[in-house]
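User: I would like a close look at one part of this protein. Please keep it brisk and stay with what the model shows.

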Protein chains: 2
Amino acid sequence: MPDLSILQSFELSEILSEEPDRCRLTLLGYLPSTWNASTDTENRRLRAIILIERNAFASEHNRRTFEQYSWFAAWISSQASEIKQPQGDVKINVICPATDVHVRKYTKQKSILVQETPELYRRIIAPYIANLPPERTRWVTEILAGRSEQDKVLYSSSDYIILPDMKWDLHTTDSLYLIAIARDPTLRSLRDLRGDVHLSLLTSIRQEAYRIVGDKWGIGRGGIRMWIHYQPSYYHFHVHIVNANHALPGMGMAVGQAHLLEDVIALLKINSDVFKVMDLTYGLGEQHGLYEPMKTAQSEVDWIS
Amino acid sequence: MPDLSILQSFELSEILSEEPDRCRLTLLGYLPSTWNASTDTENRRLRAIILIERNAFASEHNRRTFEQYSWFAAWISSQASEIKQPQGDVKINVICPATDVHVRKYTKQKSILVQETPELYRRIIAPYIANLPPERTRWVTEILAGRSEQDKVLYSSSDYIILPDMKWDLHTTDSLYLIAIARDPTLRSLRDLRGDVHLSLLTSIRQEAYRIVGDKWGIGRGGIRMWIHYQPSYYHFHVHIVNANHALPGMGMAVGQAHLLEDVIALLKINSDVFKVMDLTYGLGEQHGLYEPMKTAQSEVDWIS
């Protein structure tokens with residue numbers, strides 16, 4: 001487990017993004033190779049991304065680490081300005097060693113909204129998903145196979161598991177964030193959902209999520225917001241389960257990326273094939289692998305009628 | 001037009017909400033009656049709500065006022081803390097005189113998600129809308145009748161108008177925020193949309209919105225995110241038009257409140273009656289007029305299958 005004090009050795013090379021309206025700062029730089037015991041020690045410095053974010057944390061240190069991802073909760077005091085600010089707790093995420101993919105992901109990028117017809121899904125999205133390297137979702141298959149994070153699993157059945165999301169600090173109920181991951185590896189995304197096949201999976205996730213948050217955290221009916229991302233960040237079907245009063249910064253719960261689980265269930269009840277036949281519109285950052293092909297393909301999409 | 005310097009006379013009575021993660025502070029207190037020339041001067045102090053929010057503003061003073069709502073852009077310097085913060089521009093909204101409804105609206109409140117079946121819409125929501133006092137939407141009818149904000153109107157037809165939203169500072173393209181308001185007073189919300197009747201209205205709004213943001217602000221295809229709130233804050237059908245890269249704090253663009261215009265169009269093409277027949281799920285704050293009846297009615301809703 002890396003130690004927070006090593007962060008004092010961080011050498012800043014670039015500010016990847018400053019988001020004062022989200023109270024978030026993303027830094028690129030280097031950490032000593034002692035950060036990661038398993039790394040080749042020939043490399044004296046490891047590239048690292050550090051995200052510092054003001055958050056609704058309890059004021060105690062808290063650490064979690066999984067492969068190259070580490071999370072800390074930390075307490076900083078801030079000078080009072082003209083407007084008296086409450087003392088600020090921050091969350092520090094460290095990604096070390098950071099790959100080029102990580103650097104791209106955390107560099108502030110412009111997004112556009114694109115429309116995906118069923119035809120564009122077949123021609124562009126399906127081959128893109130099929131060609132993704134399996135390593136990208138190894139962390140998911142490790143969890144599903146019972147080889148990692150097993151002490152965290154809150155529910156497990158032959159259809160799916162529920163466990164805390166890695167963004168959650170595990171104890172602040174106000175920002176509760178769980179994730180349900182389906183076991184079926186062929187169910188890649190929202191596009192694959194069919195009412196006659198998957199309604200029981202989705203309603204079971206909803207029911208178990210409510211049972212868990214009720215039993216463990218005293219959250220009642222209506223107390224959680226559940227959604228599915230499209231495009232998702234990994235193509236192994238999963239549902240986000242978050243305290244209904246928790247406002248995430250950024251686009252994570254925004255229309256154009258998130259689809260409310262309740263709406264998805266309601267629509268599948270009306271039309272089993274709705275996600276097979278409907279056009280789906282979503283934001284893509286300019287460094288997303290689908291950005292260029294989907295941007296080019298927009299000339300084929302009817303934006304008028 | 002009120003003057004910013006009068007804010008120095010603000011007497012704080014209560015902090016309605018502190019949201020450090022959104023960099024927002026909401027204050028309740030009093031302003032001198034000179035704030036509002038039209039007010040009965042017997043009242044020496046006027047109740048006022050002040051919202052201070054860090055925002056992506058240009059650093060010049062900017063003012064707008066409409067009835068009891070005023071907006072300022074202001075510049076504050078903040079002390080550097082351990083993490084060097086960029087100098088912070090803030091937006092200051094003043095609501096004065098503030099009614100009890102305003103105070104409730106801006107007091108931090110817990111929300112729950114409720115499910116609305118078509119039957120609950122008929123029994124609870126439709127009568128609620130029918131009984132709302134017409135004064136609540138007088139500002140909308142004044143705009144539609146051409147009696148206010150006419151210098152702001154960007155587009156007007158027999159079906160709808162488009163104008164800047166009052167939250168926008170009118171010049172920062174990154175946070176562009178327009179609103180399209182339908183003229184038909186009987187079209188109250190998402191629930192009323194029917195494919196055979198309203199698809200042409202919705203696709204026309206989409207087309208004109210893109211034309212306007214392209215012509216006036218150089219924003220290209222995919223550069224705006226458009227959504228419809230359900231429940232909306234006023235029951236006169238309107239569409240939010242916002243820069244696709246602008247992440248609003250709070251729940252304004254979140255699933256469980258917002259519905260992407262593109263999704264709404266796609267669903268209405270598949271099923272003209274989809275919003276007549278589907279269950280709709282959304283967050284309600286505990287001080288919303290629908291909170292108690294809808295919370296009570298949840299016992300009738302099937303949350304299992």
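Where in chain A does Gln231(A) lie?

Analyst: Gln231(A) lies in the loop between β11 and β12 of chain A. Keep in mind that this is a predicted model.

Start with the backbone. The peptide bond that runs from Tyr230(A) to Gln231(A) is cis, with omega near -5 degrees. Chain B shows a cis bond at Tyr230(B) to Gln231(B), also with omega near -5 degrees. There, Gln231(B) is found in the loop between β11 and β12 of chain B. Most peptide bonds are trans.

The whole structure has 12 aromatic pairs over all chains. One of them sits on strand β11 of chain A. Tyr177(A) and Trp227(A) pair edge-to-face, with 6.3 Å from centre to centre and 75 degrees between the planes. Tyr177(A) belongs to strand β10 (residues 177–182) and Trp227(A) to strand β11 (residues 224–229), so this pair links distant parts of chain A, 50 residues apart. Tyr177(A) and Trp227(A) are both buried. Another pair is formed by Tyr128(B) and Tyr235(B), again edge-to-face, at 6.2 Å centre to centre and 80 degrees between the planes. Tyr235(B) lies in the loop between β11 (224–229) and β12 (238–243) of chain B, while Tyr128(B) lies in helix α2 (residues 118–130), so the pair ties together parts 107 residues apart in sequence. Tyr235(B) counts as buried, because its relative accessibility is 5% and the cut-off for buried is under 20%.

Now the strands on either side of the loop in chain A. They belong to an open sheet of six strands, in the order β8-β9-β10-β12-β11-β13, with antiparallel pairing. Its edge strands are β8 (155–156) and β13 (258–260) of chain A, and each of these pairs on one side only. Strand β9 (residues 160–164) of chain A runs antiparallel to β10(A), and five bridges join them. Ile161(A) has Ile181(A) in β10(A) as its bridge partner. Helix α4 (residues 195–217) of chain A packs on this sheet. Helix α4 of chain A touches β8, β9, β10, β11 and β12, and its direction makes about 35 degrees with that of β9(A).

Another loop of this sheet also has a backbone feature. Leu170(A) is in the loop between β9 and β10 of chain A. Its phi is near 80 degrees, which is positive although Leu170(A) is not glycine. Most residues other than glycine have a negative phi. Leu170(A) is partly exposed, with a relative accessible area of 30%. In chain B, Leu170(B) likewise has phi near 80 degrees. Leu170(B) lies in the loop between β9 (160–164) and β10 (177–182) of chain B.

The largest nonpolar core has 133 residues, and Leu193(A) and Leu193(B) touch the most other members. Helix α4(A) gives this core its largest share, nine residues. Beyond residues up to four places away in sequence, Leu193(A) touches several others, including His198(A), Leu202(A), Ile228(A), Phe237(A), Val264(A) and Leu268(A). Among these, Val264(A) and Leu268(A) are buried residues of α5(A). Helix α5 (residues 261–270) of chain A has eight of its 10 residues buried, so it is largely enclosed by the rest of the structure. Helix α5 of chain B is mostly covered too, with eight of its 10 residues buried. Among the buried residues of α5(B) are Glu262(B) and Asp263(B).

Those last two residues meet chain A. Thr281(A), in strand β14 (residues 280–285) of chain A, is in contact with Leu260(B), Glu262(B) and Asp263(B), among others. Thr281(A) is buried, at 3% relative accessibility. The C-alpha atoms of Thr281(A) and Glu116(A) are separated by 6.0 Å, although these residues are 165 apart along the chain.

Finally, the wider setting. Chain A contains seven helices and 14 strands. Of its 305 residues, 57% count as buried. Among contacts in chain A between residues at least 6 apart in sequence, 65% join residues at least 24 apart.

Conventions
Residues are numbered from 1 along each chain as its sequence is written. Chains are lettered from A and ligands numbered from 1 in the order in which they are written. This is a predicted model: local features need pLDDT of at least 70, side-chain atom pairs count only at pLDDT 80 or more; totals for chains, interfaces and linings use all residues. Side-chain values use heavy atoms; hydrogens and water are left out. Rings of Phe, Tyr and Trp (its six-membered ring) pair if their centres lie within 6.5 Å; planes under 30 degrees apart count as stacked, over 60 as edge-to-face and the rest as tilted. Helices (H or I, at least four residues) and strands (E, at least two) are DSSP runs, numbered from the N terminus. Buried means under 20% relative accessible area, exposed over 50%, partly exposed in between (1.4 Å probe, protein chains only). Two strands pair if DSSP finds at least two bridges between them. Contact means heavy atoms within 4.5 Å. Axes are lines fitted to C-alpha atoms, for helices over the stretch in contact, and angles run from 0 to 180 degrees between N-to-C directions. A nonpolar core is a set of buried Ala, Val, Leu, Ile, Met, Phe, Trp, Tyr and Cys residues joined through side-chain atoms within 4.5 Å.
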